Amino acid sequence: MNTSRRSFCLSLPAVVALPASWTAFTTALRAAPSAPDANNENYWSLVKRQFPLEDNLVYLNAANVCTA
């Protein structure tokens, strides 16, 4: 790989910003809330309300036939 002096100087701001972004990342990671209690029925009813599905239908995953 042949790196020019210009491309090296252009990459310096990213190298200088790396410690600051790593500190922000680790701080956010420590402040992240813990996982909810799996036995909490109130939590699961909240999750269920976020997916308005009909009770009399069976939903099947057909991702293998999508066009994307």
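**Terms and values**

Modeller: Buried residues make up 1% of the 68 residues in the protein chain, where buried means under 20% relative accessible area, exposed over 50%, and partly exposed in between (1.4 Å probe, protein chains only). This is a predicted model, in which local features need pLDDT of at least 70, side-chain atom pairs count only at pLDDT 80 or more, and totals for chains, interfaces and linings use all residues. Residues are numbered from 1 along each chain as its sequence is written, and side-chain values use heavy atoms, with hydrogens and water left out.

Colleague: Why is Y59 called partly exposed?

Modeller: Y59 has a relative accessible area of 46%; partly exposed covers the range between buried and exposed, so Y59 is partly exposed. Y59 lies in the segment after α2 (41-49); helices are DSSP runs of H or I with at least four residues, numbered from the N terminus.

Colleague: What makes the pair of Y43 and W44 edge-to-face?

Modeller: The structure holds one aromatic pair. The ring centres of Y43 and W44 are 4.9 Å apart and their planes stand at 70°. Rings of Phe, Tyr and Trp (its six-membered ring) pair if their centres lie within 6.5 Å, and planes under 30 degrees apart count as stacked, over 60 as edge-to-face and the rest as tilted. The pair is therefore edge-to-face.

Colleague: Why do Y43 and W44 count as partly exposed?

Modeller: Y43 counts as partly exposed because its relative accessibility is 29%. W44 counts as partly exposed because its relative accessibility is 40%.

Terms used
Helices (H or I, at least four residues) and strands (E, at least two) are DSSP runs, numbered from the N terminus.
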